[in-house]
Amino acid sequence: MAGIDDLRQIGERFDGEKARAADRSSLEELHARYLSRKSGLLTLEMQRLRELPADQRPAFGKLANRLKQRIESELAEREAALAGEERSAREETEALDVSLPGSRPRIGHRHPITLARRAIEDIFLAMGYTVEDGPEVETTYNNFDALNIGPEHPSRDESDTFYISDDIVLRTQTSPVQIRTMERQPPPIRIICPGRVFRRDELDATHSPMFHQIEGLVVDEGISFGDLKGTLDLLHRQFFGERTRTRLRPSYFPFTEPSAEVDVSCEFCESRGCRVCKHTGWIEMMGAGMVHPAVYDCVGYDTARYSGFAFGLGIDRYAMLKYGIDDIPLLFQNDMRFLSQF
Amino acid sequence: MKISIQWLRDFLDLPEAPRAVGERLTLAGLAVDGVARAGSDTVLELDVTANRGDCLSHIGVARELSAIYDVDIRSPEAAAAEGSAAMDDVFAIAIEDAGLCRRYCGRYISGVRVGPSPEWLVRRLEAVGIRSVNNVADATNYVLMELGHPLHAFDADTLDGSRIVVRRAAAGETLRTIDGDERRLDDTTLVIADARRAVALAGIMGGLDTEISDRTTNVLLESAWFDPVSVRKTAKRIRLGTEASYRFERGADVAMAATALERAAGLIIELAGGVALRGVIDVYPAPIEPDRIALRRGRIAEHLGAAVPDAEVERVFRRLGFEPRVSADGWTVRTPSHRHDIAREEDLIEEIARHHGYERFPATLPVWSGQGRQLPSHAGETHVRDTLAGLGYTETCSIAFGNRDTQAAFAPGVEPVEIRNPLSEDAPILRTSLVPSVLGSIQWNLNRGLRDVALYEIAKVYPTSGEKRRLVMAATGAADAPRIHQSTVETDFFRLKGEVEALLSRFDLVLAESTDALPPYLHPGRSVRLGAVASVGELHAEWESRFKFRQKICVAEIDIEHVLERGLRAIATAPIPKYPAVRRDLSLLVARRTPYRDVVEAVHRAGIAELTDVFPFDRLERGPFSASFYSLAVTLVFQSGERTLTDSEVQGFAERVLAELRKIGIELRS
């Protein structure tokens, strides 16, 4: 049984060499030495099948095939083990101190006034308002006269308003955009006008010569004071949070009638009274009211047919309340230690 | 305006505690800013709006409370004991300018003893912030605070000719007022005069010579109505505001003039003794008629969003002193003489709304169809802001005023808008350039220990030709957050130039580069214009030292108004190429005076449709070549939409490019 002995010897020799193979290239060599199609030791041995007597052939064939399968599977197994070892070795050498910080790209910050303006714009856009724009250097007529602010009104004093000439001012409110819009188009009107306004105050913790407003104006048939209430209530619930309540109380502006100061419930103390709300539970946010008929007279609207409401809110104030800013100069100093918080 | 709770209780019964009263008043439109104890009394601090001069008194506030609580008001006693001698036998009053003085009432009280006021009166006045002077002056101040009508008491014996004339001052006339100041008058000033001279500034302050003194025995008591505009103009011109002028400016109650006179006369006699001469001189040539305004019932619901019961409407009006008379579709309402702010139907509706309660009208939303729109520039502006945030730039906001010289240096030749009454002579114009502001912001941060700063601002500049929006970007220090893994890149000219190019690349713009007409505040050798819309560069050494910068500052100024007008390019996608692109690198020797721009232009002159990109990847200033050249390596990218380009085709393209380059003296580096 020379053939079968030979097979046994090949098997034993393979076992010895396999034990010595330490890397994947020697495994590949082993594979070639035993199983290569042309010169593999087992391949050549198996070719001797035809030389064997017929009665020995089945046993030889069976043994040879079993050996071949064993060599293949043991090589594959060994290779997988080696690959695993190599991978872990590589993982070990490649390991990082992952607790080091990531390479963070520098990302810029938006100004809080821009953030608040965009948030308020989005609330009104969703309600179907159109955004309008107007000049900051404005006529005295649009800023005062057309808004029913008479020539003797104290807000026209040089101590309160910046004048370029008798006829031109730095607008003290965004309300002149109301006039520009109404002079340009008939009702229905539903607009907001964000923009920069100026009042002659020195910059201190609670005043600024320049600040930002959003004016709102709705004129249509059947617009009521209740619509104003509902609109501002929605604004405040969306901007400050669903729990925020809105309160209108009577006030006076020459261009609205009835007029209202608009308060929101103080979220700092949940309306129990604190420093922010001056212990009233309410924070004054803006002025609003039903458009005064004298304003319609100025722009030629039919007061019998149309009614409407207007409001003017200070974006800076909304931003300060929402983000807890207690000092106005922070908004204009452009200190990165402040701005990078947004 | 300080209001004493005890004083209010003279007029009506308050069913609630002071703090609650304050809240009710606030919700009715008289904002109570503070509630403070004052001994046994409580004082409310009221912020009375400019239209409600009638509430600058205890009776006025009591009237509001009578509507709030629906209770009656007790009127104060207003009667003076009279003697038998008639006033008009000893004194005369005449109004010369009936436009500025509609009514003048006078009382003559003889035999008073001027002295200190009793304790109760001193305390009451103190509670509302008035210092006691003497019993006669205190009586007039008491009535001022109680009824809101300013009065003046003269020492009658100092009035020359025993007469009062209300007239305009003569030019050059002077008057020493009670505060001791010599006032120069002119013919716009309404004065109270005796036979010889001005003795008081009408509605503002009395004269020193005729004031009540310890020696006074006879008093001429004035209660008048002066024109609000005239009082305001005079008070403003001479910079003198008083309790009296404050009320006349807002419109006093012409009917109250007579009542207040009687109330004060009675009080003076009670406190200082004496007797009133018989009769009042009441010069009131043209009585002011109350307005009658129609109010339609349906209009209330339309305007406010809910109907108010008729009984409630009438109740509110009556409590506030209005007289409603039922008409076909509502009421005709007679307005009281103390309400100058009621002129139209809407004004009446507001009274109903205030006292019915703003909180009682439903909160609704307007019903409409249609949709809203953002500004046309919105999409572009959003893209700019998003991109800038991604590039690491933080938005700033600066006050829009500027210094004349600085602005002129940064925006030469631009005429600024001058403010007539600036807050500071150092910043009297509106900005014509945003650059000084952003440099100031960089400086602020560097001075506070920061080193790596990138800022931008989008704001208007205001040349006289019209306001325009601009974008300014400024960066200094490392372009990225510090990291230990690799060294940081410092912001430099090319970094900022690339950022501006990236920022503008989505807009419908042609950005031809140029080094002509560069802004003077930029380094002349390190700045460039991109089309007509942007200039980019490093800050000029002169401004570096003026701002005391010790590190490189890069600045870009962009005409964002124009960029946003052009808008974002419409997106029209091209198919992804099916055939591979082929890159060909050329290593060139370029004369030192030839800028890269000339190289690219020459490459494009070859007119190869398949050339899809050209970019530099290496530049050597010195090497094994003549010092008058630099070496430049560029990559050309070729691609065809129809087929894979062959080597020989690409070689042919490269040859054609080289031929163009040779025309401007550029050779392949051997």
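The following questions and answers concern a predicted model and the reasons behind the terms applied to it.

Q: What makes H8(A) and H10(A) oblique to each other?
A: Helix H8(A) packs with helix H10 (residues 315-323) of chain A at an angle of about 45°. Angles under 35 degrees count as roughly parallel and 65 to 115 as roughly perpendicular; the pair is therefore oblique. The contact is made by A:Leu235, A:His236, A:Phe239 and A:Phe240 of H8(A) together with A:Tyr318, A:Leu321 and A:Lys322 of H10(A). By class, this contact has five nonpolar, one polar and one charged residues. The axes of the two helices are 11 Å apart.

Q: Why is H19(B) called oblique to H20(B)?
A: The axes of helix H19 (residues 596-605) and helix H20 (residues 647-663), both of chain B, cross at roughly 130°. Roughly perpendicular ends at 115 and roughly antiparallel requires over 145, so H19(B) is oblique to H20(B). The axes come within 8 Å, and the crossing is right-handed.

Q: Which residues of H19(B) and H20(B) meet?
A: From H19(B), the residues are B:Val599, B:Ala602, B:Val603 and B:Arg605, and they meet B:Val657, B:Glu660 and B:Leu661 in H20(B). The class count for this contact is five nonpolar, no polar and two charged residues.

Q: How do you know that B:Pro577 is partly exposed?
A: The relative accessibility of B:Pro577 is 48%. Buried means under 20% and exposed means over 50%, so B:Pro577 counts as partly exposed. B:Pro577 is found in the loop between helix H18 (560-566) and strand E29 (582-591) of chain B. B:Pro577 and B:Gly641 are 64 residues apart in sequence, and their C-alpha atoms are 6.1 Å apart in space.

Q: Why are A:Ser271 and B:Ser162 placed in the class they have?
A: The limits are under 20% for buried and over 50% for exposed. A:Ser271, with a relative accessible area of 24%, is therefore partly exposed. B:Ser162, at 32%, therefore counts as partly exposed.

Q: How do you know that the bond from A:Pro187 to A:Pro188 is cis?
A: The omega of this peptide bond is near 0°. A:Pro188 lies in the loop between helix H7 (176-184) and strand E4 (189-198) of chain A. A cis peptide bond also joins A:Glu257 and A:Pro258, where omega is about -5°. The place of A:Pro258 is in strand E7 (residues 256-265) of chain A. Most peptide bonds are trans.

Q: What makes both faces of strand E11(B) covered?
A: In a regular strand the side chains alternate between the two faces of the sheet. In strand E11 (residues 190-193) of chain B, B:Leu190 and B:Ile192 on one side and B:Val191 and B:Ala193 on the other are all buried.

Q: What pairs with E11(B)?
A: Strand E8 (residues 163-168) of chain B pairs with E11(B) in the antiparallel sense over four bridges, and B:Val191 is the bridge partner of B:Arg167. Three bridges join E11(B) to strand E12 (residues 198-201) of chain B, also antiparallel. There B:Ile192 stands opposite B:Ala200, and a hairpin of four residues joins E11(B) to E12(B).

Q: What makes E20(B) and E25(B) edge strands?
A: Strand E20 (394-395) and strand E25 (513-514) of chain B each pair on one side only. The open sheet has seven strands in the order E20-E23-E24-E28-E27-E26-E25, with mixed pairing. Within the sheet order, E27 (residues 534-539) and E28 (residues 553-558) of chain B pair in the antiparallel sense over five bridges, with B:Glu538 opposite B:Cys554.

Methods:
Residues numbered from 1 in each chain as written. Chains lettered and ligands numbered in written order. Predicted model: local features only at pLDDT ≥ 70, side-chain atom pairs only at ≥ 80, totals over all residues. Heavy atoms only, no water. Buried < 20%, exposed > 50% of the residue type's maximum accessible area, 1.4 Å probe, protein only. Axes fitted to C-alpha atoms, helices over the stretch in contact; angles between N-to-C directions. Left-handed = near helix turned anticlockwise from the far one by under 90°. Contact = heavy atoms within 4.5 Å. Nonpolar A, V, L, I, M, F, W, Y, C, P; charged D, E, K, R; others polar. Pairing = 2+ DSSP bridges.
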